[in-house]
Amino acid sequence: MAYHSGYGAHGSKHRARAAPDPPPLFDDTSGGYSSQPGGYPAPGADVAFNVNHLIGDPMANMAMAYGGSIASHGKDMVHKELHRFVSVNKLKYFFAVDTAYVAKKLGLLVFPYTHQNWEVQYSRDVPLPPRQDLNAPDLYIPTMAFITYVLLAGMALGIQKRFSPEVLGLCASTALVWVVMEVLALLLGVYLATVRSDLSTFHLLAYSGYKYVGMILSVLTGLLFGSDGYYVALAWTSSALMYFIVRSLRTAALGPDSMGGPTPRQRLQLYLTLGAAAFQPLMIYWLTFHLVR
């Protein structure tokens, strides 16, 4: 099998060199996720939003509290299982972020069109951590975005008087299961296309999890401005994410050497990249359209 994972694999792939001796990986990993404001106004006549009514809605508050408990319980379960099956030291690389990285990465996800250099930076054949390289994938933003999505979904269902623990649990589990299925499909595609790269399961999980950012923006805009605002935000975030996925997978993941094989292999790799990108807007719509009325 030509596909392999890891961070220091040697090959003919061109790597952009950075400073030869980077600082320790976890000198400063404190950071925050640029979350949405705590109060989300509901749409009103002539776009006048009754914020006090929204915050004081007991159903919305109960939905958000229950969503927070689900997200916290799920996080604890994931951490417990990860310690059993996953190398924690390898996983820490994807959480080595700081505030500046998170802010810049969110900006890149929303507007990636002016970004020029998409190559992952290396030092001594080891990729630099995310806080030192904007192009490095991370799992901090997808994790926090998933939790925020669950909270926002609970609030949206509460506002619409459709909240129940079963509905919110189904919403959260569906969003998680679809991402897992997407990662498994990408792993199978990489294997069948015999792509030689440094992609690992964590890399694919990070790229797949970035869709939660677009989901949050779409739902939030829909709550503020109705269905018209939702579809405008959906179109913008979907196109931005597709562009980001294509550039990241081709440059940072598949790499220039993997794109130089025989023509049939090149086509398979191109189809894999475009397929992964085209799948993102479908998933964003499928997981958010029922939250906006």
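K161 is exposed, with a relative accessible area of 57%. The cut-off for exposed is over 50%, so K161 qualifies. The model shown here is a predicted one. K161 sits in the loop between helix 5 and helix 6. Its backbone deserves a look too. K161 is not a glycine, yet its phi is positive, about 60 degrees. Most residues other than glycine have a negative phi.

## Helix 5

K161 follows helix 5. Is this helix mostly covered or mostly open? It is mostly covered: 16 of its 20 residues are buried. At 1.5 Å a residue, the 20 residues of helix 5 should span 28 Å. The end C-alpha atoms are 29 Å apart, so the two values agree.

## Helix 6

Helix 6 has 28 residues, which should span 40 Å at 1.5 Å a residue. Its end C-alpha atoms are 40 Å apart, which agrees. Several residues of helix 6 are buried, including C171, A172, A175, V179, V183 and L187. An α-helix has 3.6 residues a turn, so residues three or four places apart point the same way.

L168 also belongs to helix 6. It is buried, with a relative accessible area of 0%. G158 is 10 residues away from L168 along the chain, and their C-alpha atoms are separated by 9.9 Å. Just after helix 6 comes T194, with a positive phi of about 50 degrees.

How many salt bridges does the model contain? The count comes to 1. Its partners are the side chains of E182 and K211, at 2.5 Å from N to O. E182 lies in helix 6 and K211 in helix 8, so the pair ties together parts that are 29 residues apart in sequence. Both E182 and K211 are buried. Side chains of opposite charge can pair when their charged atoms come close.

## The nonpolar cores

The largest nonpolar core holds 54 residues. Which of them touch the most other members? They are I141, Y149, Y210, F244 and I245. Helices 4, 5, 6, 7, 8 and 9 each supply at least two residues of this core. Helix 8 gives the largest share, 14 residues.

## A nonpolar patch on the surface

Some nonpolar side chains are on the surface instead. V110, F111, Y113 and W236 form a patch there, with about 340 Å² of accessible area together. F111 lies in the loop between helix 4 and strand 2. F111 is partly exposed, because its relative accessible area of 39% falls between the 20% and 50% cut-offs.

## What the UniProt record lists

An unreviewed UniProt entry lists "transmembrane region" for residues 139-161, 167-192, 204-224, 230-249 and 270-288. Two of these spans can be compared with the model. Residues 167-192 are 100% helix and 0% strand, with end C-alpha atoms 37 Å apart. Residues 230-249 are also 100% helix and 0% strand, and their end C-alpha atoms lie 28 Å apart.

## Another positive phi

D125 is found in the loop between strand 2 and strand 3. Is its phi positive or negative? The value is positive, near 65 degrees, in a residue other than glycine.

Notes:
Residues are numbered from 1 along each chain as its sequence is written. This is a predicted model: local features need pLDDT of at least 70, side-chain atom pairs count only at pLDDT 80 or more; totals for chains, interfaces and linings use all residues. Side-chain values use heavy atoms; hydrogens and water are left out. A nonpolar core is a set of buried Ala, Val, Leu, Ile, Met, Phe, Trp, Tyr and Cys residues joined through side-chain atoms within 4.5 Å. Buried means under 20% relative accessible area, exposed over 50%, partly exposed in between (1.4 Å probe, protein chains only). Helices (H or I, at least four residues) and strands (E, at least two) are DSSP runs, numbered from the N terminus. Patches are made of residues with over 30% relative accessible area and no salt bridge: like charges are joined within 9 Å, nonpolar side chains (Val, Leu, Ile, Met, Phe, Trp, Tyr) within 5 Å. Accessible areas come from the Shrake-Rupley method with a 1.4 Å probe; for residues, only the protein chains shown count as cover. A salt bridge is a side-chain nitrogen of Lys or Arg within 4 Å of a carboxyl oxygen of Asp or Glu. The expected span of a helix is 1.5 Å times one less than its number of residues. UniProt positions are given in the numbering used here, feature names are shortened, and annotations may be inferred rather than shown by experiment.
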